[in-house]
Amino acid sequence: MSRPHLRNGPYGYGLVTKTLHWLLVAAFTAQFAVGYLLDGEESGHGRGRGRGRGGESGHGRGQGRGGGYDVFGDDSLLTLHVALGATILTLGLVRLLWRLTTPLPPWAPTLTAVERRLATWTERALHFLTFAVPLSGLWLIAADDDALPWHIAGHAAFFAALTLHVGLVLKHQLLDRDHLLLRMLWGRTTP
């Protein structure tokens, strides 16, 4: 068995590209899971959309300073959520720098011209949203509920781009049966 290639090449994606991709997938999965746990928690800390202390509506998250969040206080889920956001920003920056300095492998021959354009635009959108979603979360911490519409819009855009990205892969995996997914998993297109 040959040694894995670190960089992308004619054989497919390199180990660094694949590792950064799947680390971001795992970090975003954890981030959204923790975020939705935070949103759904009814612990009396005043979190959640429009829930204030004592049943008041509107603002009223957390401790009442700045954006109302005490990021490194007693709320371990909130601390984890912020730490995951910082991890995503760091991984996103490393991935973007790697992407700008490492050419992509040739297109899979089974992708049509339309699918190539779709893959290009969803990749760009996901790269942008890798920064926009966590940064809007930081803005939410600083500005309280005033930033919530932007954070929700970032989530919606992220899931729309992700749906297109995964949909294209699933189309090729399940309908075309050309093993496109194997390029990102193992760097080859045959089982």
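Across residues 125-142, the chain is 100% helix and 0% strand, with 25 Å between the end C-alpha atoms. Helices here are DSSP runs of H or I with at least four residues, strands are runs of E with at least two, and both are numbered from the N terminus. The model is predicted, so local features need pLDDT of at least 70 and side-chain atom pairs count only at pLDDT 80 or more, while totals for chains, interfaces and linings use all residues. Residues are numbered from 1 along each chain as its sequence is written, and side-chain values use heavy atoms, leaving out hydrogens and water.

The span 125-142 is one of those that UniProt, in an unreviewed entry, lists as "transmembrane region"; the others in that list are 20-38, 78-98 and 148-170. UniProt positions are given in the numbering used here, with feature names shortened, and such annotations may be inferred rather than shown by experiment. Residues 148-170 are likewise 100% helix and 0% strand, and their end C-alpha atoms lie 32 Å apart.

Of its 191 residues, 38% count as buried, where buried means under 20% relative accessible area, exposed means over 50% and partly exposed lies in between (1.4 Å probe, protein chains only). Among contacts (heavy atoms within 4.5 Å) with a separation of 6 or more, 63% are between residues 24 or more positions apart.

Buried positions in α1 include L20, L24, F28, F32 and G35. An α-helix has 3.6 residues a turn, so residues three or four places apart point the same way.

Beyond its neighbours within four places in sequence, F28 is in contact with I88, L129, T130, V133 and F158.

Rings of Phe, Tyr and Trp (its six-membered ring) pair if their centres lie within 6.5 Å; planes under 30 degrees apart count as stacked, over 60 as edge-to-face and the rest as tilted. The pair of W139 and W150 is tilted because the planes stand at 35°, with ring centres 6.3 Å apart. This pair links distant parts of the chain, with W139 in helix α3 and W150 in helix α4, 11 residues apart. W139 is partly exposed, at 40% relative accessibility, whereas W150 is exposed, at 58%. F158 and F159 form an edge-to-face pair, 5.6 Å centre to centre with 80° between the planes. Of these two, F158 is buried at 6% relative accessibility, and F159 is partly exposed at 32%. Ring pairs also join F28, F32, Y36, F158 and F159 into a cluster.

Two polar side-chain contacts complete the picture. H155 sits in helix α4 (residues 148-175) and is buried, because its relative accessible area is 15%. Its side chain makes a polar contact of 3.4 Å with the side chain of Y36. A polar contact is a pair of N or O atoms within 3.5 Å; within protein, one must be able to donate a hydrogen and the other to accept it, and residues adjacent in sequence count only if both atoms are side-chain atoms. Apart from neighbours within four places in sequence, H155 is in contact with F32, Y36 and V133. S136, in helix α3, is buried at 7% relative accessibility. The side chains of S136 and H151 are joined by a polar contact of 2.7 Å. Not counting residues up to four places away in sequence, S136 touches A147, W150 and H151.
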